[in-house]
Amino acid sequence: MSKSARILFFFNKLARKKHINPSEETSLARVLTTCDLIGLGIGSTLGAGIYVVAGQVARQTAGPSVVLSFLIAAVASVFAGICYAEFAARVPKAGSAYVYSYVTVGELIAFVIGWNLILEYVIGTASVARAWSSYFDSLVDNKIQDFFKENMPMHVSGLSEYPDFFAFSITLVLTVLLAVGVKESTMFNNIFTVVNLLVVTYVVVCGLFKVDGDNWSISESEVPSDAGTGGFMPFGFSGMMSGAATCFYAFVGFDCVATTGEEAKNPQRAIPMSIVVSLLAITLAYCSLSTVLTLLCPYYLLDPNAPLPLVFDRLGWGVAKYIIAVGAICGLSTSLLGAMFPLPRILYAMGNDGLLFRFLGKVIPRFQTPVVGTMISGVFAGAMAMLFDLKELVDMMSIGTLLAYTLVAVCVLILRYQTDEYLTGEVPDQPMTGKISSRDLFSPRSSDPTTISGSLTSYSVGLLLLAITALCAMLIYAEPYLVKLSWWAIVLTIIFGSAVLLAVIVVWRQPQNKSKLWFKVPGLPWIPALSAFINIYLMMKLSVPTWIRFGVWMAIGFAIYFGYGVRNSSENNQQAMQQPRAGQFSRDIEDRPPAYQEETDQVDEKEPLLSGRNHRRNASRIGINVTPPNTSVNEKTIGDDPANQNQPDSDKHVYANVTGVGEPKAPFDSEDDAPVHSKK
């Protein structure tokens, strides 16, 4: 094999896609109902956002316009959520965005997304565990941290001031709960989520009796110097948008529902419904509570760390402090469970596919959960919660989340317009092929997807991502010049904006696949394109040190993938088992008869691994007809294959039965269609 051929072969490995068998059974327990998934989605998201983020954004960034900040963040999250919902209906497998990108984009991108999801969930678990510990500690007058600061101080840059053994213990308890069984852990989640929702309802309803509309129109003379200019938007429009960027991360967590594809009883229907319902409930809770909060108290008097207890103390409702404390404990507990729940599922999916070490995907039959992956991830997250100061690491969590959201939106755009074997919709029997012409951009030749329209969509989506990145760079880094109306900044912004619009229009004009799914993203391609734009914009707003730490994490991941995953991938092993295509038999055998003998023997040895429906499907792709063992070699000509009925004799396909444990099978001469008999 030449050097260029080897390079091409290697890059083809990086782009290979996962083949999904819808009838394949899972070793996980299918016990989760739609109500369980809705509770999981709400519980994993409705925690720190209610009890911490709302007060921080209102006091420091947006003022009363925090209501709009939450609303804008909700719209961005809903766009991402409905993209997740379509893929959950299409690919009901554990692994969330990792599996979606593996099926659609390819192996390398899937590994990047999966590796970043691991980072997101580990840091999310550690940060929520730390917040849970701190909140509980505040209820006992900070006695826990005072004890450890005095007896076990840690004076190391980047680490915590003291080892938080309480946070570590909390993480281990929930880890054991997740390992014992998914049904038991969701029951715990459902109970705590209901308590949390009742507390939120209590705060909103009781607060309505004490609201004061003047708190949204405070004059500038009444506010402190560091509290903006008063009114509804004391920090201006930019402050409100900056608050929206912060509030966006309060919605992170609903995607854990998408990791339950192999544990939900009816994943195609339950997961999309659960994502949409949970996002709507979370949006209503955030917006209503932030409205009441800013109407009860002037925004500049809010406590950024614990706003709700202080507000009700000012109103003279001391008992509310304890009710809110119960809700906060329950809310943070469900957030912790929601942060931990997806992590072992990602490890299970990647370990099962061979991209990470396979023992991570091992499921213990007694509990029907990936116990090894769950315990390892729990100990790792607990150690981070105990030792590290997580303030500088929180932004890294957002990179993984935004990357996942972007890739899912891109996958929806690509997959909806393809003639793909994973789509069961109506596609032409013989899709049109050939060169793409200018006519195909806006006036497709068929009302069904073709090879041409599918390729054109893929190219257009690639152009769309490049144009969005360039446009976001102009809006962020050239903002001062745009404000000054510099001609070059305006011209470049118009060019990049026009490229974005043109790419979306080209995709919009292509025919969609008519596969019937329980849920589909509406407004294609506009909503996925807008979702990708928002996510890329927020990613580019992150700091340089965050990207450096992200680079270090990715370097570790690439070392694992190229050192282990690329060779041990299940797709790689499956390709290694496959035979050459039928049309290549005679040439390959005449040139390398020993290789043919060795390859045939390998197929015979691995026959038990390829038994059943998957064997027949995979064998049919490469021109192999599966027959019982010890069956002699037979020729199969055009008359036996309905797919080639009208072909001329010179183009007849000839197939060989190659199963069984016998001698090397007789190949065929591709020129005269006569068998070339093997030598005894």
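Which residue lies over the face of Tyr162, and at what distance from the ring centre? Select Arg130: this residue lies over the Tyr162 ring, 5.3 Å from its centre (a charge sits over a ring if NZ of Lys or CZ of Arg is within 6 Å of the ring centre and within 35 degrees of the ring normal).

The model is predicted, with local features requiring pLDDT of at least 70 and side-chain atom pairs pLDDT 80 or more, whereas totals for chains, interfaces and linings use all residues. Residues are numbered from 1 along each chain as its sequence is written, and side-chain values use heavy atoms, leaving out hydrogens and water.

Four salt bridges are present in the structure. Next, select Glu86 and Arg416, whose side chains meet in one at 2.6 Å, N to O. Glu86 is buried at 1% relative accessible area, and Arg416 is buried at 3%.

Now turn to the rings. The whole structure contains 22 aromatic pairs (rings of Phe, Tyr and Trp, the last by its six-membered ring, with centres within 6.5 Å; planes under 30 degrees apart are stacked, over 60 edge-to-face, the rest tilted). Select Tyr299 and Tyr300: this pair is edge-to-face, 5.6 Å centre to centre with 85° between the planes. Finally, select Phe111, Trp115, Trp553, Phe558, Tyr561 and Phe562, which ring pairs link into a cluster.

How values were computed. Buried < 20%, exposed > 50% of the residue type's maximum accessible area, 1.4 Å probe, protein only.
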